[in-house]
Amino acid sequence: MSAPTGSAAPPPAGSPLSIARPDLLAISPYEHAAWRPELTRLHANELPWRQAGDDSEAGLNRYPEPQPRELVQAIAALYEATPDQVLVTRGGDEGIDLLTRAFCRAGQDSILTCPPTFGMYPVAARVQGAGVVRVPLRADDGFAYDEDAVVAACVPGVKLVYVCSPNNPTGNLIGEALILRLAQRLAGRALVVVDEAYVEFADRPSVARHIASQPWLVVLRTLSKAHALAGARCGTVLAQPAIIGLLRRIVEPYNLAQPSIEAVLRALTPAALATSRARVEQIVLERGLMLKQLAACPTVTRVWPSDANFILAEFHDAQAAFERACAAGLLVRQQRELTRCLRVTVGTPEQNRSLIAAFNSLSKVSA
Ligand SMILES: *Cc1c(COP(=O)(O)O)cnc(C)c1O
C-alpha cells in the first residue's frame, strides 16, 4: 500500500477533517520502500541474512509490511468494521497520541477528559503542547458522565472529547445512548473518542457499529487486555475513512514490529479467539466473586461494581492495605486522585484468594 500524496484541497464542510490541523491536511507522507513481496528485496538497505535464532515467518532482517493487509483485514473482522475504518497502532496509546497530534494545534487547541480516568489522554495532550479541559465524573452518582457539563465545557478549540467506557479506574460503563447523543451534540466541534479498552468484559456491544452514521465518533480498541497481548503492543483506531486516511499519513510507516504482527495473527485464529472468550468469561465470574469478598472485608469501606477486569475499592487505610498486599507478593494500583482507593486487577482464582486474605489479615490487626 502507499498512502496518497498530500492535497491542499479544503475538506468538505461538515467533515471532521474541517477541525484537523490544517497544516497536516497538506502533508506528504514518507514514501516507504515499495511493498512487492514477489520480488527479491534489494531496495531497502536490509541485510540478506537472518540473525541466528530468528524464527519469525518473515525474517526480522526485513522491514515489516506497513499496515499489513492481512492484519488489517483480520482486525476489521474482529471488530466488525470495514478495513478502511481501521488503523492498527502500537497499542491504544499510539492511537491516542496520533489523534492528539492530528487534531490539536500546539498552544491553541485542547482535549477534554473526565477524571478520574485514564492518564494517557492529558499526557499525550501535554506532549503535543495542547491544553487539557477537565470535567470530573460525578463521584456521588457512581462516577456518571456529566453530559451537559461536558457540552458546556466544549468551547471552541476543544477538538477531542474522551469517553472511557468501561472507565479506568472506576469500572463503570457509559451508556450508548449518552455517547450517541454526545456525538450528535458535539458534531461540527469536536470528535467524541470512546476508549473501549475493556469492553470485552462488559455485557455490551461496542459502539463502533455506529461510526458510519456518526462521523464524529471515534472508537479505540486494544488487544492488550482481553486478548492477553499487552506485550505485543497492538491497538486499533476505528473511525470513518477520512479520519483514518489522515492518521495513515502521519503514522510511522513501520509502527508494528514483525514479531507482534505474527503474534496478533495467531491470536486471531478461531481457536485462539475461542480461548480468549472463555478466559474473559472466567475473569467475569471471578470478578463477581471478588466483589462479594471485597465487600465483606472489614477494612474495605466501599466497592464499586465493575464492567472491566479490575475493581475499585475504598479502604479505611489504603496505604496499609497496599503494603499488606505487597507483603503477600501482590502489587495493586494506588490512586493519585482517589487516595483512599486501590484498583485491583482480577487475576487467577489463587491470586485473588491471596489478595483477599492479605486484606482480611489487615483488618484483624487494625480491629
Ligand atoms: C490499557 C488501556 C489502554 C490501551 O493500552 P495499550 O496497551 O496501549 O493498548 C487504553 N485505554 C485505557 C483506559 C486502558 O486502560
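Predicted model: local features only at pLDDT ≥ 70, side-chain atom pairs only at ≥ 80, totals over all residues.
A polar contact is taken here as a pair of N or O atoms within 3.5 Å. For Gly92, a backbone N or O atom is placed 2.6 Å from a ligand oxygen atom. For Lys225, an N or O atom in the side chain is 3.2 Å from an oxygen atom of the ligand. The ligand taken alone exposes 390 Å², and 92% of that area is buried by the protein.

The shell around the ligand consists of 13 residues. The closest of these are Gly92, Asp195, Thr222, Ser224 and Lys225. Among the contributors to the shell, helix α3, which spans residues 91-103, gives the most, with three residues. The space that the ligand takes is the largest pocket.

Cys114 is in no disulfide, and the nearest cysteine sulfur, that of Cys164, is 10 Å away. Cys154 is likewise in no disulfide; for Cys154 the nearest cysteine sulfur is that of Cys114, at 10 Å. A disulfide would require the two sulfur atoms to be within 2.5 Å. Cys114 has a relative accessible area of 4% and is therefore buried, the cut-off being under 20%. Cys154 also counts as buried, at 3% relative accessibility.

Note on methods:
Residues numbered from 1 in each chain as written. Heavy atoms only, no water. Buried < 20%, exposed > 50% of the residue type's maximum accessible area, 1.4 Å probe, protein only. Near = heavy atom within 4 Å. Polar contact = N/O pair within 3.5 Å; in protein donor to acceptor, adjacent residues only side chain to side chain. Areas by Shrake-Rupley, 256 points an atom, 1.4 Å probe, with all protein chains shown as cover. 1 Å grid on protein atoms, 1.4 Å probe; cavity = no way out; pocket = protein on both sides within 12 Å on 5 of 7 lines; lining within 4 Å. Sits in = over half its atoms within 2 Å of the grid points. Helix = DSSP H or I, 4+ residues; strand = E, 2+ residues; numbered from the N terminus.
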